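This report is written for someone meeting the structure below for the first time. It begins with the chain as a whole and then turns to selected parts of it.

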Amino acid sequence: MMNKKLKIASALTMTFIAGIDAFGAKSAAIPDFAFPKKVSQQSMASLKKSVASKDSQGIVRSILDYGLAQSAIGEEKLPNAFDLIDKTLLDVNEPTTKSLLYLVKAKMLCEIYSNDKYNYNERQLPISPLPKDYTEWSGKQFQLVISQLCDSAMLPQKSLQDTELRNYYSIVQHNDLTPVYFPTLYDFIAYQTIDIRDRKSVV
């Protein structure tokens with residue numbers, strides 16, 4: 001079985017950044033994740049600049065880089081990535097940026113849940129209170145949080161529908177057919193959230 005950090009990295013890179021996509025098209029250069037601590041530092045500095053300049057793509061890209069770097073260090077570092085997403089959600093106001101951050105967090109939690117779904121589902125816990133440590137969650141708690149994140153990602157419907165996905169091509173995997181099937185950010189995020197709910201049995 002693919003380990004947790006590799007599953008998370010795969011989920012993020014297949015949806016967002018990667019060196020070369022399935023059609024052979026080069027995407028934006030990515031940091032050297034062989035040195036995850038250095039990448040973490042660089043992405044934090046980049047995030048600070050992106051938030052200050054209200055650079056939506058830069059914000060999401062920095063979060064992605066940081067999440068991948070923390071995953072590369074070890075699964076015990078993943079809470080750092082979630083904490084940074086939560087903090088950034090408080091720091092930004094632009095609705096499409098928030099939607100993408102909710103989506104990134106949903107995908108990461110979905111992979112964590114699916115990687116050990118049997119054991120999580122065996123836990124019989126009340127839905128609330130929700131433990132701060134996600135490793136203590138039950139399957140139903142994972143499902144609830146992931147579902148709420150998917151709902152939040154879709155919430156600014158008008159803004160998402162008014163935003164062409166091509167505006168985010170520096171962080172989203174794409175090819176010649178992408179503008180046909182996913183012309184707007186709404187189409188892209190809707191597809192991703194449906195996939196999360198269906199593939200991972202998240203209601």
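Helices and strands are here DSSP runs, a helix having at least four residues and a strand at least two, and they are numbered from the N terminus. Read in that way along the sequence, the protein chain of this predicted model follows the pattern α-α-α-α-α-α-α-α-α-α, with 10 helices and 0 strands.

**The chain as a whole**

Buried residues make up 46% of the 203 residues in the protein chain, and the accessible surface comes to about 10600 Å², with 55% of that surface belonging to carbon and sulfur atoms. When contacts between residues at least 6 apart in sequence are considered, 65% of them join residues at least 24 apart.

**Helix H3 and its surroundings**

Helix H3 covers residues 56-73, and its 18 residues reach 26 Å from the first C-alpha to the last, which is close to the 26 Å expected at 1.5 Å a residue. Because 15 of its 18 residues are buried, H3 is largely enclosed by the rest of the structure. The N-terminal end of H3 is capped by Asp55, where a side-chain oxygen lies 3.4 Å from the backbone nitrogen of Gln57.

Ser40, for its part, sits in helix H2, which runs over residues 36-53. With a relative accessible area of 7%, Ser40 falls under the 20% limit and is therefore buried. The side chains of Ser40 and Gln70 are joined by a polar contact of 2.8 Å, and, once neighbours within four places in sequence are left aside, Ser40 is in contact with Tyr66, Ala69, Gln70 and Ile73.

The two distances given above for Asp55 and Ser40 are set out together here.

| Residue | Partner | Distance |
|---|---|---|
| Ser40, side chain | Gln70, side chain | 2.8 Å |

**The largest nonpolar core**

In soluble globular proteins, nonpolar side chains tend to be buried together. The largest nonpolar core in this model has 44 residues, of which Leu109, Phe142 and Ile189 touch the most other members. Two or more residues of this core come from each of H3, helix H4 (78-91), helix H5 (95-115), helix H7 (139-154) and helix H10 (185-199), and H5 gives the most, with 10 residues.

Technical notes:
Residues numbered from 1 in each chain as written. Predicted model: local features only at pLDDT ≥ 70, side-chain atom pairs only at ≥ 80, totals over all residues. Heavy atoms only, no water. Expected span 1.5 Å × (residues − 1). Buried < 20%, exposed > 50% of the residue type's maximum accessible area, 1.4 Å probe, protein only. Polar contact = N/O pair within 3.5 Å; in protein donor to acceptor, adjacent residues only side chain to side chain. Contact = heavy atoms within 4.5 Å. Core = buried A, V, L, I, M, F, W, Y, C linked by side-chain atoms within 4.5 Å. Areas by Shrake-Rupley, 256 points an atom, 1.4 Å probe, with all protein chains shown as cover.
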